[in-house]
Amino acid sequence: MTATAPYHFERCEKKYFLTSGQQEALLKRMQPHMQTDRYGRYSIGNIYYDTPNWQLIRASIEKPAYKEKLRVRCYGVPTPDSPVFIELKKKCDGVVFKRRITTELCRVAPFLQGGTAQPDWGQTGREIEWFQQFYHTVPKMFIGYDRTAYTGREDPSLRITFDTAIRWRKTEPELSRGGWGRLLLPPDQVLMEIKLTRACPLWLCRLLSELALYPTSFSKYGACYRQMLLTADPDPLTKEAHFCA
């Protein structure tokens, strides 16, 4: 079995909406301070788990001081033996806490359907196991997007990511089914996230101010859930009318 040491961190995350033109201007000016990460541009797929009546996301969109979510993440389209990440993400008073374990895709369902955490998953595995015993969540929605990520030259803990072609589907919420789905945002809109473990550097504060870029409250899962409720076809049965990664 493929399993790695549990992964966890706490940080602040700020989100911004940009046009492709604003993104181009920002990229040019941040080059002295940022560099692309080792993966460059890649596609991310997530399966969000929730209760049958969507309890977690309905609570989350009320903007409580504390909220949590469970998802399974992959890069590209996984096979049964591909490594994927089971992530428990919590947010308390604006600070994000993420716990993550790695295992093969074929082992995810047995674990999240009531299995026991592997000993080498440590406290993170036990937290996810308890979460499932309490909420009994099931796969509810696929959310995918294409990402380009940058890390700080002076401070590698500083990350800036740009997500495009954010897409979702309620039908077939399985990672192995591919990255197709309904587009969430207009084609020219880019979601930027700034991820910080310490104070925002002065050069970045000045750059955001000069480009008139301001943070916004936004959740991919929450926005996709709202779109699902508003669309005339909330649970499409065919792929033909949808974006395909």
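In the predicted model, Lys220 lies over the face of Tyr145, at 4.4 Å from the ring centre. A second contact of a charge with a ring involves Arg169, whose charged end sits over the ring of Phe142 at 4.2 Å from the centre of that ring.

Contacts between rings were also examined. Eleven aromatic pairs are found in a search of the whole structure. One of them is formed by Tyr48 and Tyr221, which is classed as stacked because the ring centres are 4.6 Å apart and the planes meet at 25°, the limit for stacking being under 30 degrees. This pair links distant parts of the chain, 173 residues apart: Tyr48 belongs to strand β2 (residues 34–50), whereas Tyr221 belongs to helix α6 (residues 220–230). Both Tyr48 and Tyr221 are buried.

The pair of Tyr75 and Phe85 has an edge-to-face geometry, since the planes of the two rings stand at 75° and their centres are 5.8 Å apart; planes over 60 degrees apart meet this criterion. Tyr75 is located in strand β3 (residues 66–75) and Phe85 in strand β4 (residues 83–92), so the contact ties together parts that are ten residues apart in sequence. The two partners were further characterised by accessibility. Tyr75 has a relative accessible area of 40% and is therefore partly exposed, whereas Phe85, at 16% relative accessibility, counts as buried, the threshold for burial being under 20%. Tyr75 and Phe85 also belong to a cluster in which ring pairs link them with Tyr39 and Tyr42.

How values were computed
Residues numbered from 1 in each chain as written. Predicted model: local features only at pLDDT ≥ 70, side-chain atom pairs only at ≥ 80, totals over all residues. Heavy atoms only, no water. Phe/Tyr/Trp six-rings, centres within 6.5 Å; stacked < 30°, edge-to-face > 60°. Helix = DSSP H or I, 4+ residues; strand = E, 2+ residues; numbered from the N terminus. Buried < 20%, exposed > 50% of the residue type's maximum accessible area, 1.4 Å probe, protein only. Lys NZ or Arg CZ within 6 Å of the ring centre and 35° of its normal.
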